[in-house]
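Here is a short report on a structure.

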Amino acid sequence: MPPGEAPDVLEEARTLVRRARRVVVLTGAGISAESGVPTFRGSDGLWRSYRAEDLATPEAFARDPELVWAWYLWRRKVIGACAPNAGHVALARFALARAGTAVVVTQNVDGLHHQAALMAAGDADPGPAIPLEIHGALHRDRCSGCRRVTPGVPASIDEDGAGLPRCDACGDLLRPDVVWFGEPLDTALLERAFAAARDADVCLVVGTSALVHPAASIPLATLGSGGHLIEINPEPTPLSGRAHATLRGASAANLPELLRDAG
Ligand code: BJW
Ligand code: ZN
């Protein structure tokens, strides 16, 4: 338990999770912070050093694909050196134990929930712990022409654009398979996320600033159908005022505490 955390808040949150028939979990960059993945809006966040408009919009890619690719190749390298932390693992174990009645929805593109699901499942089916990755996945490429999705190619990009990855099928430029600002999210995935949120008795919101929509509206669907909200975040967010229990601390310490014996 983080210093200063009232024990009854943790107990209250544990009771809510234990009693819930269905749980939806929405995660953001903060859950991977303790794995070494930079967040976007924190004091060391990516948007402190880089402008989202220059790197994470379709317009930026059309204007300067070399710059955008260079940034994503750098992030692939950083993330490639990271591993799931105790928070990812606790969540994966919980989702496996709940066998389909707990759904993990993540805004993260780092693949760490997926890795944790495989680790936690061992020889069993990781399916119930595989997250809905609503902002895509950094380790995949997508053709900007025919939209074919392929595994991320190892590439090095010259300043003149030589080496920009191209689609084998149609020759158009490949791009990272992530969702940029101004782009629609995958409709089927988003519908599954909102359906899980509407059906849930508890929405657990972990490590997100809850500023980016439509992801930030997912917990509102649980509240709208009479469910409870639990937030884990060291900082307040726009959702904090609606939370029934708030664990003000890091997720790698708080998630294992919260989910212990909750499967
Ligand atoms: C810890 C911790 C520890 C630290 N433990 N916690 C409604 C209102 C206003 C605007 C809009 C709206 N609807 C749509 C919009 C526009 C826009 C938007 O939301 N803008 C707002 C920013 C104002 N949304 C979009 O454009 C979306 N598309 C869309 O709506 O399409 C509509 C459409 C329909 C039809 C046709 C065309 C369009 C797309 C959004 C895509 C977001 N993309 C990114 C980049 C992904 C690729 C990449 O990684 O490069 O997604 S932006 C970035 O933000 C990334 C993240 O997934 C996302 C959310 O960030 P997150 O995860 O919350 O991270 P942080 O850094 O913000 O917060 C970290 C938190 O962790 C903090 O709270 C810390 O305190 C905490 N923390 N350490 C626990 N140890
Ligand atoms: Zn193509």
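## Cysteines

Does Cys146 count as buried, partly exposed or exposed? Cys146 counts as partly exposed, because its relative accessibility is 39%. The scale runs as follows: buried is under 20% relative accessible area, exposed is over 50%, and partly exposed is in between, with a 1.4 Å probe and protein chains only. Cys167 has 6% relative accessibility, so Cys167 counts as buried. A search of the whole structure gives 0 disulfides. A disulfide here is a pair of cysteine sulfur atoms within 2.5 Å.

## Basis of the model

This is a predicted model, in which local features need pLDDT of at least 70 and side-chain atom pairs count only at pLDDT 80 or more, while totals for chains, interfaces and linings use all residues. Residues are numbered from 1 along each chain as its sequence is written, chains are lettered from A and ligands numbered from 1 in the order in which they are written, and side-chain values use heavy atoms, with hydrogens and water left out.

Helices (H or I, at least four residues) and strands (E, at least two) are DSSP runs, numbered from the N terminus.

## Helix 6 against helix 10

Helix 6 spans residues 86–97 and helix 10 spans residues 251–259. Their axes are 7 Å apart, and the packing angle is about 25°. Helix 6 is therefore roughly parallel to helix 10. Axes are lines fitted to C-alpha atoms, for helices over the stretch in contact, and angles run from 0 to 180 degrees between N-to-C directions. Angles under 35 degrees count as roughly parallel, over 145 as roughly antiparallel, 65 to 115 as roughly perpendicular and the rest as oblique.

The crossing of helix 6 with helix 10 is left-handed. A crossing is left-handed if the near helix is turned anticlockwise from the far one by less than a right angle, and right-handed if clockwise. On the helix 6 side, the contact residues are Ala86, Gly87, Ala90, Leu91 and Phe94. They meet Ser251, Ala252, Leu255, Pro256 and Leu259 of helix 10. Contact means heavy atoms within 4.5 Å. By class, this contact of helix 6 with helix 10 has 8 nonpolar, 2 polar and no charged residues. Ala, Val, Leu, Ile, Met, Phe, Trp, Tyr, Cys and Pro count as nonpolar, Asp, Glu, Lys and Arg as charged, and the others, Gly among them, as polar.

## Helix 6 against helix 7

Helix 7 covers residues 112–121. The axes of helix 6 and helix 7 come within 8 Å and cross at roughly 60°. Helix 6 is therefore oblique to helix 7. The crossing is right-handed. Helix 6 contributes His88, Val89, Leu91, Ala92, Arg93 and Leu96 to the contact. Helix 7 contributes Leu112, His113, Ala116, Ala117, Met119, Ala120 and Ala121. The residues of this contact of helix 6 with helix 7 divide into 10 nonpolar, 2 polar and 1 charged.

Val89 belongs to helix 6. Val89 is buried, because its relative accessible area is 16%. Setting aside residues up to four places away in sequence, Val89 touches Ala116 and Met119. The C-alpha atoms of Val89 and Ala117 are separated by 7.3 Å, and the two residues are 28 residues apart along the chain.

Where does Trp69 lie? Trp69 lies in helix 5, residues 65–80. Its relative accessible area is 0%, so Trp69 is buried. Leaving aside neighbours within four places in sequence, Trp69 is in contact with Phe61, Arg76, Asp141, Ile157, Leu164, Pro165, Leu174, Arg175 and Pro176. Ile157 is 88 residues from Trp69 along the chain, with a C-alpha separation of 7.4 Å.

Gly111 is in the loop between strand 2 and helix 7. Gly111 is buried, because its relative accessible area is 9%. The C-alpha atoms of Gly111 and Ala253 are separated by 20 Å.

## Backbone features

The peptide bond from His213 to Pro214 is cis, with omega near 10°. Pro214 sits in the loop between strand 7 (202–206) and helix 9 (218–224).

Ala99 has a positive phi, near 40°, in a residue other than glycine. Ala99 lies in the loop between helix 6 and strand 2 (102–106). Its relative accessibility is 56%, so Ala99 counts as exposed. Asp261 has a positive phi near 60°. Asp261 lies in the segment after helix 10. At 63% relative accessibility, Asp261 therefore counts as exposed.
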